[in-house]
Amino acid sequence: RVRAPGMAVGYHNERGEMVGPEGFHDGWYYPGEVASFDEDGYLYIRGRAADLIRRNGTAVFPSEIEEVLLSHPAVWEAAVLGMPEGAESQEVVAVVALRQPVPQGELMRHCMERLPSVKRPGRIWRATTLPKLTSGKLAIARLRTLVAAAGAAHPLRTAPPTRASR
């Protein structure tokens, strides 16, 4: 959490209306990051609480799985989402853009060798590129919509990056 003189108490939209004050409480701003300290006092940010995937009662951070996927030489971009699977659980779904083709199942084997079973993706989708916002950040809401709409189709089709998002 953060507190400083002159700290904002919320956000304003383009019409000047106050929106998003839910992260501000008693003069503190809570950005929604989940972090921990190690035994030497170093702070490690594990991910955003809003991105946390709940799988069979276990908390799964997408960044850990994305790092494993990005460690494969054929993977150019990776994103991991939690998609609804039952009333209280989510399926771990990965979407990757590749530098080069890989044999079917190779990325899943790569994950199996490096991740515990609860963190392994249930599905790995291939995309031509991952959708981005004009800021260059991943468009998670758009990606979630594409994954939900794609059903069993493979590969996932996404629009090429625009000039502004490159």
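Me: Why is Phe-37 called exposed?
Reply: Exposed means over 50% relative accessible area, buried under 20%, partly exposed in between (1.4 Å probe, protein chains only). Phe-37 has a relative accessible area of 62%, so the residue counts as exposed. Phe-37 sits in strand β5, residues 33-37. Strands are DSSP runs of E, at least two residues, and helices are runs of H or I, at least four, numbered from the N terminus.

Me: What kind of model is this, and how are residues numbered?
Reply: This is a predicted model: local features need pLDDT of at least 70, side-chain atom pairs count only at pLDDT 80 or more, and totals for chains, interfaces and linings use all residues. Residues are numbered from 1 along each chain as its sequence is written, and side-chain values use heavy atoms, with hydrogens and water left out.

Me: What makes the nonpolar surface patch?
Reply: Phe-37, Leu-43 and Ile-45 make a patch of about 360 Å². Patch residues need over 30% relative accessible area and no salt bridge; nonpolar side chains (Val, Leu, Ile, Met, Phe, Trp, Tyr) are joined within 5 Å, like charges within 9 Å. A salt bridge is a side-chain nitrogen of Lys or Arg within 4 Å of a carboxyl oxygen of Asp or Glu. Areas come from the Shrake-Rupley method with a 1.4 Å probe; for residues, only the protein chains shown count as cover.

Me: How do you know that β9 and β10 pair?
Reply: Two strands pair if DSSP finds at least two bridges between them. β9 and β10 have nine, in the antiparallel sense. Glu-77 stands opposite Ala-97 in β10. The two strands form a hairpin with five residues between them, and Gly-86 in the turn has a positive phi of about 85 degrees.

Me: Why is the sheet's pairing called mixed?
Reply: The open sheet has the order β9-β10-β11. β9 and β10 are antiparallel, whereas β10 (residues 90-98) and β11 run parallel, joined by five bridges. Ala-94 stands opposite Ile-124 in β11.

Me: What makes β10 mostly covered?
Reply: Seven of its nine residues are buried.

Me: How does helix α3 lie on the strands?
Reply: Helix α3 (residues 140-150) lies across β9, β10 and β11, at about 70 degrees to β9. Axes are lines fitted to C-alpha atoms, for helices over the stretch in contact (heavy atoms within 4.5 Å). Angles run from 0 to 180 degrees between N-to-C directions.
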